[in-house]
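I'd like to walk you through one model, so let me put it up on the screen.

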Amino acid sequence: MSRLQSAQSSRRDFLLRAGVTAVGVAGMAWPVTAQEAAPPAQPEASTGAVTMSADSYKPVSRPPKPGAKPSMDVRQVEAFERNLACPCPCTLDIYTCRTTDFQCGISPAVHGDIQRLVDGGYTADEIMEALIGTYGDFILNAPRKQGFNLLAWFAPFAGLALGAVGIGVLLRSWRLNSRRAAEAQALRDVASASAQASGTSDATAELDATPDELARLQAALKDDR
Amino acid sequence: MILVGELSLWVALLMAAWTTTVSFSGGLQGRADLVKSGERAMYATFFFTLLASIGLWVALFTHDFSIKFVASYTSANLPKVYTFTAFWAGQAGSMLFWVLILTLYSAIAVFANRNSNRGMMPYVTGTLGVVSLFFLMTTAFGANPYERLDWVPIDGRGMNPQLQNPGMAAHPPMLYLGYIATSVPFAFAVGALITRQLDAQWLGAVRRWALVSWFFLTIGIVLGMWWAYVELGWSGYWAWDAVENSSFLPWLTVTAFLHSIMIQEKRGMLRKWNVTLVVLSFLLTILGTFITRSGIIESVHAFAQSNVGNWFLGFLIAATALTAWLVSTRLNDLQAKAELESMVSREAAFLYNNLVLIGICFATLWGTIFPILSEWVKGDKITVGPPFFNSVNAPLGLLLLALTGIGPLIAWRKASVGNLQRQFTWPVIAGVATLVVLIALGMRDPYALVSYLLAGFVIGTIVQEFAKGIGARRRMYDEGLAVASVRLVARNRRRYGGYIVHFGVVLLFCAFAGLMFKTDVTAMLKTGEKVTAKDPYGHEWTFTSQGLSSFEQLNRRVLSVTLDVTKDGKPMGLLSSEKRQHVNTQGEPTFEPSTEVGILESLQQDVYLVFTGAADRETAAVHIHFNPLVWWVWFGGIIMAIGGVIVMWPQAQRAEREGGYVAQIPMGRETEAAGAGA
């Protein structure tokens with residue numbers, strides 16, 4: 001039942017609440033004023049703005065191996081570059097970035113470095129190590145499966161496994177509840193049968209189904225026959 | 001009008017504060033007059049937010065460049081339609097747009113419940129007031145769209161060319177409509193928790209709003225995919241970008257809720273879990289907004305870094321703490337007598353479905369925030385990109401697809417062996433037949449094969465369900481096929497609308513699997529030169545350059561390359577891609593040049609041309625992609641939206657049954673019921 005009462009607010013009440021509201025708003029606004037005193041933020045860019053910083057590019061070079069032959073063909077280089085994140089803020093891989101837009105100066109430069117290393121006879125693993133040595137793990141489009149990064153890879157599956165165990169426990173407890181209820185019902189049925197034997201009945205079940213459900217039920221019963 | 005709009009923003013702020021104060025105090029003191037005042041103040045908050053929004057639109061259309069927002073996102077030569085959509089093109093305007101939708105939803109929720117849920121409504125209104133107050137404060141103090149410049153520029157900076165696209169005009173509003181709709185179920189959850197009225201009554205109102213949220217999030221996400229595909233020029237529609245992930249997270253939890261709510265409605269179980277999902281959906285919306293607007297995670301379409309992020313972080317922490325406290329102190333009220341007759345039942349299937357949905361949600365959230373975690377713990381910046389998300393989420397997605405087919409085939413309470421055999425036979429045959437045909441056609445990719453096997457299975461399930469329902473109606477009521485089909489859906493919109501949504505999901509999975517076979521070719525083409533490439537179906541395509549052309553169009557200078565396309569020697573028409581340099585009214589370039597791709601669409605595949613640049617006046621660098629089944633993504637999205645509308649459409653009273661699909665036949669009447677249709 002609702003606790004609401006019908007009552008009129010007096011003018012005094014109104015002014016008091018308005019005052020409390022105003023003080024509350026002013027109080028909440030206070031930290032904002034303090035924030036505004038902080039140094040101004042960067043000029044606001046619009047959605048989708050991507051700024052290319054030339055500082056993001058770091059040359060990666062090694063002297064060619066003696067008698068070097070290219071270690072990968074064009075398709076292999078493309079596949080290799082798909083595993084590398086472009087250091088510009090495009091969030092694309094090197095291959096996609098360099099073949100999508102000429103505005104990014106970084107991905108073509110990184111591609112140039114990779115191609116020179118490929119031509120210099122360096123293997124994919126060696127090129128990858130060289131790139132990681134220069135850019136760090138940031139250049140990889142996905143974390144390496146080692147050390148702390150293992151957490152990235154296994155936590156989702158560990159979470160899922162934990163959830164599955166939790167659901168298993170939950171379902172078992174529900175099953176247990178059901179068995180207990182069934183046992184209790186069996187006892188009630190025995191009592192009811194005794195009562196019927198003595199000439200009384202309390203069966204009051206109702207039909208609760210839509211015509212579609214009844215139609216399906218009939219169809220299923222017909223199929224069974 | 002601009003001044004009225006600016007002042008209205010502050011009045012709306014005061015109104016929201018008033019709503020919050022009097023609604024909560026009215027609820028606590030049991031004062032109907034205060035509760036009424038709070039509800040009226042909610043309407044007033046919407047009214048003044050609307051005035052503030054109209055004021056900003058007027059400023060945009062009158063090119064009042066003394067306003068920083070107008071000068072930052074529009075120019076005098078910006079087409080009218082994009083002048084209108086500039087409202088949500090930047091941080092400050094989009095915040096006001098958010099508040100506009102939030103207060104509109106709040107006003108609708110309050111009005112719709114003016115005669116119902118009266119016990120909890122003061123707290124629902126109060127909670128909506130708190131959320132509105134927070135967003136209004138963030139707008140007024142943190143990102144005010146009416147902020148003035150010290151001087152008035154001759155022209156504005158203009159809109160980012162990538163936002164001058166129909167997809168971007170519709171995508172943000174749809175997403176906002178979806179995001180913000182989670183606020184109403186959240187407010188009801190808080191109201192129900194405070195008043196301890198945690199029975200099934202509040203779920204009725206919540207379910208409708210959850211559906212609204214799901215519906216708009218679905219449309220918003222698919223529109224965002226379409227925009228990314230046609231505008232960003234990288235030939236993909238989903239990059240697992242932090243901002244994309246932010247929209248995906250609440251979609252997953254709302255989807256989980258729409259399934260688990262059925263268990264509470266039918267069996268009274270999962271009360272705690274449903275409250276948790278409602279709260280989680282709202283918190284993930286705030287988290288997503290924090291990620292998008294704080295600049296904490298690098299993203300191609302995040303807003304610029306600003307102090308607004310701190311506001312969202314504070315609100316997120318406060319909302320999480322408050323709701324955690326509310327739930328933890330109401331655990332006894334959320335207890336339900338839960339019974340399960342069998343592990344093989346619809347209830348269990350829904351639980352597995354929820355587990356997988358939340359698993360995908362967790363994996364996506366984890367991958368999104370892991371770079372921050374890594375930087376905190378190790379001090380190293382790392383990238384968590386598509387290879388991670390694809391590796392982790394692909395198996396979970398396939399599991400979900402399997403459950404999409406399995407769930408509807410299992411009976412509530414307990415499925416017998418005979419029932420399982422009957423139900424599974426045809427769908428399994430459909431799945432296996434699909435697999436055999438694809439292997440015979442030469443497909444070997446294991447992930448793709450599993451995807452299509454499951455797709456065949458789920459479609460088999462859906463067709464079987466419709467066939468049984470239609471067949472039963474035809475026998476029962478002697479209806480024709482068309483009438484029986486329409487009435488079947490109309491009389492049980494929730495169930496069959498849900499199947500239509502499932503069909504849309506299957507199409508999406510088919511499209512995702514299709515992308516595994518995409519191929520591409522790059523070339524430098526002089527006028528008259530050609531490049532030949534094979535598509536994934538083995539057809540040979542030839543692209544002959546017709547040369548470069550430059551011209552001026554609207555507010556841009558365009559450099560275009562046109563290719564003459566043939567497939568196996570048959571002409572397929574011309575395909576053009578453009579480089580656009582947008583200019584202001586002085587003819588000065590604004591922003592970097594952008595790429596407009598050319599797409600030759602078909603059900604089988606898209607031929608996607610990207611003009612990556614001109615080496616000289618005659619030579620164009622092009623990147624041509626063959627993207628299989630992309631059209632199926634848009635088609636799947638449309639089907640899902642149609643299914644969503646069917647599910648949302650109010651059911652006629654006569655067809656409603658509390659018991660839903662579970663027919664309870666009273667003892668002694670089984671024969672009579674069965675005999676009626678014989």
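Okay, so how far apart are the centres of domain 1 and domain 2 of chain B? Going by C-alpha atoms, the distance between them is 42 Å. And keep in mind that this is a predicted model.

Where are these domains in the sequence? Domain 1 of chain B comes in two pieces, 396–516 and 635–674, while domain 2 of chain B covers 517–631.

Now, what about the contact? Domain 1 of chain B puts in six residues, and domain 2 of chain B puts in seven. On the domain 1 side, the biggest giver is helix H18 of chain B, residues 493–514, with three residues. And what's that side of domain 1 of chain B made of, by class? Five nonpolar residues, one polar and no charged ones.

Let's zoom out to chain B as a whole. You'll find 20 helices and nine strands in it. Its C-alpha atoms fill a box of roughly 90 × 70 × 55 Å along the principal axes.

Two last things about the packing. Buried residues make up 55% of the 678 in chain B. And if you take contacts in chain B between residues at least 6 apart in sequence, 72% of them join residues at least 24 apart.

Terms used
Residues are numbered from 1 along each chain as its sequence is written. Chains are lettered from A and ligands numbered from 1 in the order in which they are written. This is a predicted model: local features need pLDDT of at least 70, side-chain atom pairs count only at pLDDT 80 or more; totals for chains, interfaces and linings use all residues. Helices (H or I, at least four residues) and strands (E, at least two) are DSSP runs, numbered from the N terminus. A residue is buried if 20 or more other C-beta atoms lie within 10 Å of its own, exposed if 12 or fewer, and partly exposed in between; C-beta atoms are placed from the backbone. Two residues are in contact if their C-beta atoms, placed from the backbone, lie within 7 Å. Domain bounds come from an automatic or database domain assignment. Ala, Val, Leu, Ile, Met, Phe, Trp, Tyr, Cys and Pro count as nonpolar, Asp, Glu, Lys and Arg as charged, and the others, Gly among them, as polar.
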